[in-house]
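Please keep the sequence and the 3D view at hand while reading.

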Amino acid sequence: MMRIYLQQMVEDIPDDLLPEAWADHDLAFFSHTKRLYDYQQQALCNALKALWKYYWGVESSLTPALSPLTKGGEGAGSGGIHTTRPLNQKFWQWYLDNGLSEDLSIEPKSTFADLLREYYAGYIDAQTGKIAKIAYEEFINRMGFWMATGSGKTLVIVKLIELLGRLRRLGEVPPCDILFLTHRNDLIEQLRRHVAEFNTSHSDTPIVLHELKDYAAVKREQSSLFQEQGITVFYYRSDNLSAQQKEKILDFCNYDNDGKWFVLLDEAHKGDREDSKRQHIYSILSRNGFLFNFSATFTDPRDIATTVYNFNLSEYIRRGYGKHLLVLQQELRAFKDKSEDYTGDEKRKLVLKMLMLLAYARKMREEKVVPAGNGLYHRPLMLVLVNSVNTQDADLELFFRELEQIARQRVDKTTWQSAKDELGQELKQSPAFLFEDERVKVDRSVWDGLSPEDIRCYVFNAGGGGEIEVLLRPSNRQEMAFKLKAADRPFALIKIGDISAWLKQKLSGYEIAERFDDESLFARLNEDDSDINILMGSRSFYEGWDSNRPNVLCYINIGTGADAQKFILQSVGRGVRIEPIKNKRKRLLPLYNAGEVEQNLFQRLKDAVQPLETLFIFGTNRTALQTVLENLQKERPKEQWRTLDVFKVNPEAEKACLLIPVYKPASAPRAQQNLIAKFEIARDELDALRAFVQGADDRVLLALTDAEPKQVKVLRGALQQNSLFTNNGRQYGDLRRLLRRVVDYLGITPEEVDRLKLLEDEIRHFKHITVSLEDISKEDISELETKVKRVKDYPTQVKEVRELYGKVSPEEYEQRSREISRVEEFTRDGKRITIKHIARHYYLPIVLSEDGKADYIRHIIKTESEVKFIKDLEAYLSQPNNEFQQFDWWFFSKLDESLDEVYIPYYDPKTNRIARFKPDFIFWLCKDKRYRIAFVDPKGTEHVDYRRKIDGYSGVFLQKGQLHPLMWNGKTVTVHLFFYTDNIAKVPTLDQQFWCDYVGALPERLLGQS
C-alpha cells in the first residue's frame, strides 16, 4: 500500500516560515452563518504550504526564470512540446528527498499515446518510435484532498478558490484561470449554492461562475476592472470533456489555454489513472498550472502519494466527526445463495435482526435521550441497499416480502427468540468498532426488554400488525411509501429509478392511495417529523445524498467483491454523519471535551447515546465488507503512538497555591481603546486609504466592506487620528482588501484580565507524552517506563536509603545508594533522551532531547533554546545561596503550545485577530504577601515578533508602564514576562527590561520589582 508523502512533507514546514502574503488569510470564515471546521482549515493550510513550496520554496530564493511572475520561460509554462519544467523537477526532487522510491511513471496505452506525445516528453520505444513511459515528474504539480463523504469538501473547494484568487492577485502564483470539474449535475448545483452563500459575505471579491463553453466570450468581454471585482471560475461536467467536439461534449483542445489552468477536480477517482483518457486530459489542462484532486475514495497510488490532506472515512470517524462503525457477523447469504436451502424463516430471522437493532436504537432515543431536552440527536433510520430491483426474485422484492410478513405478525415466538438471542450474543461480547479501540456497550435492560410490540411501535409506526398499503404521489415516479392500514403514518420508502414496473409486477392487488402534498418523502427524510423509518433503494441514489439518520445499513448482494470498494466507501460515508446538538457535528464525548456540551447534559446522555452514534452494518459477504473498510487502516501513516502514563504532578506542587490568569472580552472594541498594538501599514497606503475613505460615500464603503453603518463611522473617525496605526512599511497591494482589514481590526475586542484561578487541568501535556510503537518495541517501552518511574520516585528512594543508614552494612548501603538516580538516559537508534528529577518542576520527571533528534517521543523538551534554559537553570540552582532561595516557595513548569491552556492574549497582525501567546515556561514565586507569576520564553533575538507579544502583555498586565497588581486571598499578585537569550546586548535598549541572558536575573528582577 502506497503511503501518503505530501501531507507529511508540508506539515513539517513551520507555520511561521510562510511569508505574510501566504499566511495572511482567514481560513475559518465562509459566511456570516458558517465557519469551517478545524480539519477543513487544516486542509487549506496544507494546500497553502504545498503551493508555496512549489512556487517559492523549492530553493531558498527563486531565480527570475523560476519566479511565478515571470512571463514566458519554462517556469511560467511554455506550452506545446516541452521538457520537464524546473518547478516540477525541484518539486519531484523534494519527494525523492523524503523517501519516495516507488515507480509512479505512466505507461500510456496505444489509444491515447499520440495525445500524450503532443504534450509530454518520455522514454521512446526504439522499435515503435512511440512513447513507452512518462516519468511522473511531469505530473507532480498536483495535490489531493482525501476527504470523507459528508466532511464538507465543497466548502474547502470554495475557500480554495478564494485563496487562489487572492494569491493570483498578489502575484504569488501565476495568473492561471480556474476550472472546476465534477461528474454530476447535482454536484455542480451544490457548488452554485455554496458560492451563492459565500458571495453574500464577500461582496468585495465575489466568485463569478461561467460554463466552460463560454470561455472565449467571457475572456473577450472581461476588462481589467471586471477582473478586480471578482474571481472568475469556469465549470463543466468532467465526463463531458474529450478529444472531440459534439453537442455537449467539449474538445479540450479548444480550451487548452497553454495548460495554464488551476483545475479543481471533484471526485477524482472517476476513471483509472492509466486507462482513462479523461484523467490525462485534466493533467494536460493543468500542465502549466496546478491540479487539485478532491475525493472520498482514493485508490490510485499516485493520488495517495500526492495527498496533501487525509481526512478519509477512517480519520473522519477516529476524530469524532462520524458514527462508530460495526460490521456484524450476521451475513445476508439467505438472500444470495438461492441454490442452497434457505427457508423463509431464515430470511425472516435476518430481517428481524435488522429491525431489532433499529428498534433498539429508537427505544434508547425515546426513553433515554428525548427526556434530556429537545433537538437532541436524530430519529434512527434503516437504509437497505440492494443489487437488483425489477428482475424476477429481485433483492428488493425478497426483502420487501419478508418485511411484509413481519408487519402481518407472521413471526412465531421461536424465530423471534432465536433471532434475538443470536444477535444479542454477538453484541454482548462487546465487539470492537472499526478504526477505534472503543467497543460496543449494550444497555441490557433495554435490549432484554425488547419485544415484538417495540418493532410495531418503533419500526411500523403502529400499535398492532396488519396489511400494507402503498402511498404514491402521481407526479413522482421514483418513490413510493408504505404504511399499515391500521396506522395513520407511513413507515417505509422505496426510492428507485422508476416505480412503474413495481406497481405492475410486484404490487398488483395492493391498495394504493394517492397523496397530493408538494414535497417528496425522500426530500423530507432529514426533517425532525419525518415518519420514514426504513429507506430502500439501489445504487442509483447512494451519491448526492447524506443524512444524520442511518443507524442500520444493509447491503443485499452488494459489496461481495473487491471491485465494490468505491461503492462501499461512498455509501458508508452517506450514513456516518452525526449531529447530537443542532449545528454540532461531532460525537458527544469529543464535543464535551471541547467544552461545547454542558457537564450536566453530558452526564445525562453519556451512557445512552452509543447506539445513536453507531452505524450497524449487515452485508451479504461480511469478509468482503470488512476487507474494504479495513484497507483504510493501511492508508494511515504506519506509526502508532502509545501514551506513557507514568508522569505525575509533583506532590509538593500539589500543596502549593499555583495561580493562572483568566481573561474576558474587554468592555469596548479596539477602536475605542488606546492600546499599544497598532495596525501595521506603509505610509503611502495609509495616505491612499485616508484619501479614498474621505472621498467615498457611506454606501460605497458599506458595499466594499460588508460592514454596518456604525462601523463605517468608526472607520472615518479612526483614520483622522494616528494613534491606531504604525507605519512599518507593510504593503497590502489591494485597496479593498486593506479597507476590509482595517474595518475588521477596528472591530476586534481585546481580552483583559478577569480574575485569577487555581491551576487545575490547564497544564496537561505531561499526560500526553507518547512514544512511537513503530520505533520502540514493547521491551523498550517497559525499559523507558521503568527509568521514568525510578527518576519520578527519586525523593522516596533517597528517604528509604537514608533510613537504612546504620541498619545495613556499609557495602550494602553504598550499593543501594548507587541504585537511586536523579537522572536517567534512554537511547533508541542513537537518539538519546535524558530523564531528570527537578524538585521544583510542576510534574515529575521532565524529559529532554538535547539534540532535538528523538522523534520517537512527543511532548517533551527538545527545542534547543528550551533545553539550554533548563541546563542553565540547573546550573544556577546548584550554586549555594542562589537568589531563588530568597522566596518562601517557588515552582515552575514547561508549557506545551499545542495542549496547554495557559497564555497571554495579544494582537497578531498577520491574522488580524487576538491570538494566544503560550510562553515556554511559567514560574510561581511567593515571598511574604507578594506573589509573582513569571512567564519565560527562551528565544533568539532574531525573532522580531517578540515585540507584538510584549505589546500584548503590556496591554493586559501593565498600567502606564507599571505593574498592575491583582489580589488573591490577601496576597498581591503581579504577572511578569521575560524573554531569555544568550546575549542581551543584541536587544534594543527599549526592550531590555523584558530580556535577560542569565538565569539569576529572573529572581533578582522579581525581587527588585514592586
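Glu-824 stands opposite Ile-835 in E31. The model is a predicted one, in which local features need pLDDT of at least 70 and side-chain atom pairs count only at pLDDT 80 or more, while totals for chains, interfaces and linings use all residues. Residues are numbered from 1 along each chain as its sequence is written, and side-chain values use heavy atoms, with hydrogens and water left out.

Strand E31 (residues 831-836) is joined to E30 by six bridges, and the two run antiparallel. Strands and helices here are DSSP runs numbered from the N terminus, a helix (H or I) having at least four residues and a strand (E) at least two. Two strands pair if DSSP finds at least two bridges between them. On that basis, three strands make up an open sheet with antiparallel pairing, in the order E30-E31-E33. Its edges are strand E30 (823-828) and strand E33 (846-848), each of which pairs on one side only. From one strand to the next, the twist averages 25°.

Helix H29 (residues 778-792) lies across E30 and E31 and runs at about 165° to E30. Axes are lines fitted to C-alpha atoms, for helices over the stretch in contact, and angles run from 0 to 180 degrees between N-to-C directions.

## A pair of helices

Two packed helices are described by the angle between their axes and the distance between the axes. The axes of helix H30 (residues 794-802) and helix H31 (residues 810-819) come within 10 Å and cross at roughly 175°. H30 is therefore roughly antiparallel to H31, a term for angles over 145 degrees. Where they meet, Gln-797, Val-801 and Arg-802 in H30 face Tyr-813, Arg-816, Ser-817 and Glu-819 in H31; contact means heavy atoms within 4.5 Å. The residues of this contact divide into two nonpolar, two polar and three charged. Ala, Val, Leu, Ile, Met, Phe, Trp, Tyr, Cys and Pro count as nonpolar, Asp, Glu, Lys and Arg as charged, and the others, Gly among them, as polar.

## Salt bridges

How many salt bridges does a search of the whole structure find? The search finds 65, a salt bridge being a side-chain nitrogen of Lys or Arg within 4 Å of a carboxyl oxygen of Asp or Glu. The table gives examples.

| Salt bridge | Separation of the closest N and O atoms |
|---|---|
| Asp-258 with Lys-260 | 3.6 Å |
| Lys-757 with Glu-762 | 2.7 Å |
| Lys-789 with Asp-793 | 3.0 Å |

Residues are called buried under 20% relative accessible area, exposed over 50%, and partly exposed in between (1.4 Å probe, protein chains only). Asp-258 is partly exposed at 25%, and Lys-260 is partly exposed at 28%. Both Lys-757 and Glu-762 are buried. Lys-789 is partly exposed, with a relative accessibility of 45%, and Asp-793 is also partly exposed, at 22%. Elsewhere, salt bridges that share partners join Glu-397, Arg-401, Glu-404, Arg-408, Glu-467 and Lys-506 into one network.

## A buried methionine

Is Met-480 buried or exposed? Met-480, found in strand E17 (residues 479-484), is buried, with a relative accessible area of 0%. Not counting residues up to four places away in sequence, Met-480 touches several residues, including Val-470, Leu-493, Ile-494 and Trp-502. Met-480 and Asp-498 are 18 residues apart in sequence and 10.0 Å apart in space, C-alpha to C-alpha.

How values were computed:
Angles under 35 degrees count as roughly parallel, over 145 as roughly antiparallel, 65 to 115 as roughly perpendicular and the rest as oblique.
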